[in-house]
Amino acid sequence: MKTYRILAALVGSALASLTASAQFDPAQMPLPMVGTADHGHAYPGAIVPFGMVQLSPDTPIQGWDGCSGYHYSDSAIRGFSHTHLAGTGCGCLGDVLVMPTVGEVRLDAGTPGKGYTSRFSHGRELATPGYYRVYLDDPQVTAELTATPRCGFHRYTFPAAEDAHIILDLVHGVGNKTAEATIEFENDTTISGSRISDGWGGQRAVYFVMQCSKPFAAFGLEQGKKRLAGAEARKGKGRDLKGYVSFKTTAGEVVLLKVGISGTGIEGARKNLAAEIPGWDFGCARDAAVQQWRDLFNTFRIKAFDPHVRDTFYANLYLCCQAPILYNDVDGTYRGMDHQNHSGAGFQNYTIFSLWDTYRAEHPLLTLLQPERVDDMVQSLLAEYRESGLHTTPIWPLWANETWCMIGYHSVPVIVDAYLKGFRGFDGEAAYQAMRDTAMQDRNGLKDYRELGYVVSKPRGEATSRTIEYCVDDWCIARMAEALGHTEDARLFYQRCSNYRNHFDRSVGFFRGRKADGSWRTPFVDNALVGDEYTEADAWQYAFGAQHDLPGLIALYGGDQGFIKKLDALFEADSTIQTDIPDISGLIGQYSQGDEQCHHVAYLYNYAGAPYKTQQRVRQVMATLYDDTPWGQCGNVDCGQMAAWYVFSALGFYPVTPASGIYIIGSPVVKEAVVCLDAKKYGGRKFIVQAENNSAKNIYIQSAWLSGKPLARAWLTHSEITAGGVLRLVMGPKPNREWGRAQEARPPATMPEGFQYRELPPPSDDKPVVLALPIRVVCGADHPVESFVPDPNLLFGGVNHKEVAIDTSAAHAAPAGVYQTERYAKDLSCTYPVPKSGRYLVRLHFAEIFDNEAGKRRENVLINGQPVLQDFDIYAAAGGLNKAVVKEFAGITPDAHGDIVIRVKTVPESPDKNAKLCGLEILAADAGR
């Protein structure tokens, strides 16, 4: 009874203190603008939580930073399309674009004044959750947008105009091309149609019905650049299809447009529109969308010591709730992975699962934030398994397609985490069998992984990353097998999940690639092999990838002190990485917050008895790499994972090992937070975090209590959070090195008691290799190509490979395999010792196999410091792609050290910032003739 009274008093006190900030309404804040600049890839438009429609402006920017359709650096808008991806690293969607215009009918986007694209300024742009508004300078139209789950609602305020229009462009897409489109003007207020596109993951269909509040005075179609008239203009079909409607407007006249979409067919879109926007009250629809966000934000009610921290928290909470998205009609019908329509499913179907990212924190967060959706999301994953016929649970599903993006089979942690947290709205045994089937396939290195205990290293194969991530997933399968009583399977998968050790080289202290014969792949460079041995990372970022077995990882690094030393080295290392891919961002040393491999790493100090170091690092990340501006995400939002990390970390705890039910305590940036748990799932209980004396300087936990009792351990369980209670932390400016240090205060072991690890592989014995004349080197491979051999001393630069036919008709061309590979860097040098007395012929081999036009890659080439090729354009020199270019330089003498040094470096103005070299030869002066 005493404990209950203490708890009740603590809860009452926290709730009362939060009332003072009740006037703050995050639903009225410009949260959607956060992450729209730099590499955040967020979009600012209107969406309801997890809605199928993302009605947002598209700007002209192309390429990687245009993945969401919008970029803050742009000053023009092409139009408003109804589907967008939330912060991904690959572009797609952008379906059904509409744009209000005035004047001549222009159906090409063009540029402002020469097409339907319009200028705009951020000063006349507003984005709040569920609502977007912008003034379009060229047509002088104010555009307002809101959304329901499956419909978009537009409100356009026109000037006085004899020739006002709404353009419908079905050619437009983000990162995809139209395969076929249809438009039908059903009557003078209704248009229906479809857009089938070829893009990321394969062919995808979206169907629409749109209704206009103002009857069309005229309408028309353009098909294949040809304007259609009369009866021809009422209905069209083709790849290059656009339409328009026209009417006269008075000054300030409002024209409303409502659009329903569907993945099943036009009639599905019609049903969605009729059900979700039956009338014409834009304000009512907007208010309903805003209220959905307000209800969601009320789940986490916080006080912070800085209003910018508060706003950053809610911006990230907003970004957590844009994916996965609903992917069905109001009657439950959805388009399955078999590209057939399925009705009567009994669950809400979802798509857009960026699982490589979101298994880490986004999905664990949803078990607390939106538990009513969790069973449906798992049901969706299992339906995709059944309907695809691919014998895999989903990898990265997108609108009834499997994109096969990224590695692992990370739907497994999502499913297992849900099951072990008590979600039972799906068949656990069927889920287990689907996961087991996935793990027993041969694709993507799994055959090697099962038979050898590791994925065999091959150029561009990302083998080391694959093995480590398969281990994480297999640990989850073992946990599920254990829970269901599959004892032998549990033993099998626990053994498999220790396979990460087969990549650990004790001589270098990193996980690295191994060949089929068990030998180590050479050369090894700890800050290279990005996209080659490691997925969007180097060896540093995968040094702590075995997030499922932290005690085992600590042992590999020599115990607590060795582990802490390795973690410190990660954060303190030089940030140079031998690649120019933008995914690796948000660097603190070699720690990368901007990509997901490191998201759990700052919390690992707790496992070695040094929680104060975790507290320092997580606060550093939050303070320096997140804020409440358009630049407030240090990398791609990645369907909420980047944001979920912040939400958890701001609250003060994080799920390092999904499916373990354990949250590691960090250092909250909130002063108080009330987590209002779901009434149906968790009885409406509240979990409260109080951080006394918290400030930007008081980042260290001095002491802790859980529901009135002293807390000596630096972790919580899921059941402790969902039972409700108060986590009280006293903060200070200096670390308490004793709190959480004791062995019994550390997170529990995750491997079975008495588990026996297999022996580690023999350590490497990498020694410098001196190549003898004649020297023939294939620069981008680690296997010979006829007489060309890899150089194990080439430690700098990335490598790339493409299986294409090569034209080797150039004189003295190397075998085609040499040109199918490349070594690249901004500045790359190759050094070869030769007899000082000789004179040599140097022959360099190039082929452009990636950049598909002249001027994209330009480089300078030097031999022993002397320029031999300046502003060299491989594509231009070859006259196209996939053609060998051979450059010879005679009479070369060694430098003072007896070396021939070949250096390639990018020209500063080159669009591609990497210079490249495919192969080289150094021959005695008369040997090459």
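1. Let's start with a pair of helices. Helix α7 passes α8 in a left-handed crossing. Please keep in mind as you read that this is a predicted model. The axes of α7 and α8 lie 10 Å apart, and the angle between them is about 140 degrees, which means that α7 counts as oblique to α8. On the α7 side, the contact is made by V374, V378, L381 and L382; on the α8 side, S411, V414, I415 and A418 take part. Sorted by class, these residues are seven nonpolar, one polar and no charged.

2. How many of the ten residues of helix α8 are buried? The count is nine of the ten, so this helix, residues 411–420, is largely enclosed by the rest of the structure. The buried residues are S411, V412, P413, V414, I415, V416, D417, A418 and Y419. Their cover includes α5 (355–358), α6 (362–369), α7 (371–388), α9 and α11 (463–484). Just after the helix comes G422, with a positive phi of about 95 degrees.

3. Helix α9 (residues 428–439) packs against helix α12 (residues 487–496) at an angle of about 45 degrees, and their axes are 13 Å apart. That angle makes α9 oblique to α12. The crossing of α9 past α12 is left-handed. From α9, the contact uses Y432, R436 and A439; from α12, it uses D489, L492, F493 and R496. Here the classes come out as four nonpolar, no polar and three charged residues.

4. Next, the cysteines. How many disulfides does the structure hold? The number is zero. A disulfide is a covalent bond between the sulfur atoms of two cysteines. Take C67: its closest cysteine sulfur, in C90, is 6.2 Å away, so the two are too far apart for a bond. C67 has 4% relative accessibility and therefore counts as buried. C779 is in no disulfide either, and the nearest cysteine sulfur, that of C830, is 5.2 Å away. With a relative accessible area of 2%, C779 is buried.

5. Two peptide bonds deserve a look. T522 and P523 are joined by a cis peptide bond, with omega about -5 degrees. P523 sits in the loop between β27 (510–511) and α13 (550–556). Another cis peptide bond joins L773 and P774, where omega is about -10 degrees. P774 belongs to the loop between β37 (725–732) and β38 (775–778).

6. Here are two backbone angles to check. W399 is not a glycine, yet its phi is positive, near 50 degrees. W399 is in the loop between β24 (397–398) and β25 (401–402). Is W399 buried or exposed? Its relative accessible area is 1%, so W399 is buried. R460 also has a positive phi, of about 65 degrees, although it is not a glycine. R460 is found in the loop between α10 (446–452) and α11. R460 is partly exposed, with a relative accessible area of 31%.

7. T264 lies in the loop between β18 (253–262) and α2 (266–276). At 12% relative accessibility, T264 is buried. Which residues does T264 touch, not counting those up to four places away in sequence? They are Y207, D329, T333, Y334, R335 and N341. I581 is in the loop between α14 (560–572) and β28 (587–588), and it counts as partly exposed at 29% relative accessibility. Leaving aside neighbours within four places in sequence, I581 is in contact with V530 and E536. For a sense of distance, I581 and M480 are 101 residues apart in sequence, and their C-alpha atoms are 37 Å apart in space.

Notes
Residues numbered from 1 in each chain as written. Predicted model: local features only at pLDDT ≥ 70, side-chain atom pairs only at ≥ 80, totals over all residues. Heavy atoms only, no water. Disulfide = S-S within 2.5 Å. Buried < 20%, exposed > 50% of the residue type's maximum accessible area, 1.4 Å probe, protein only. Helix = DSSP H or I, 4+ residues; strand = E, 2+ residues; numbered from the N terminus. Contact = heavy atoms within 4.5 Å. Axes fitted to C-alpha atoms, helices over the stretch in contact; angles between N-to-C directions. Parallel < 35°, antiparallel > 145°, perpendicular 65-115°, else oblique. Left-handed = near helix turned anticlockwise from the far one by under 90°. Nonpolar A, V, L, I, M, F, W, Y, C, P; charged D, E, K, R; others polar.
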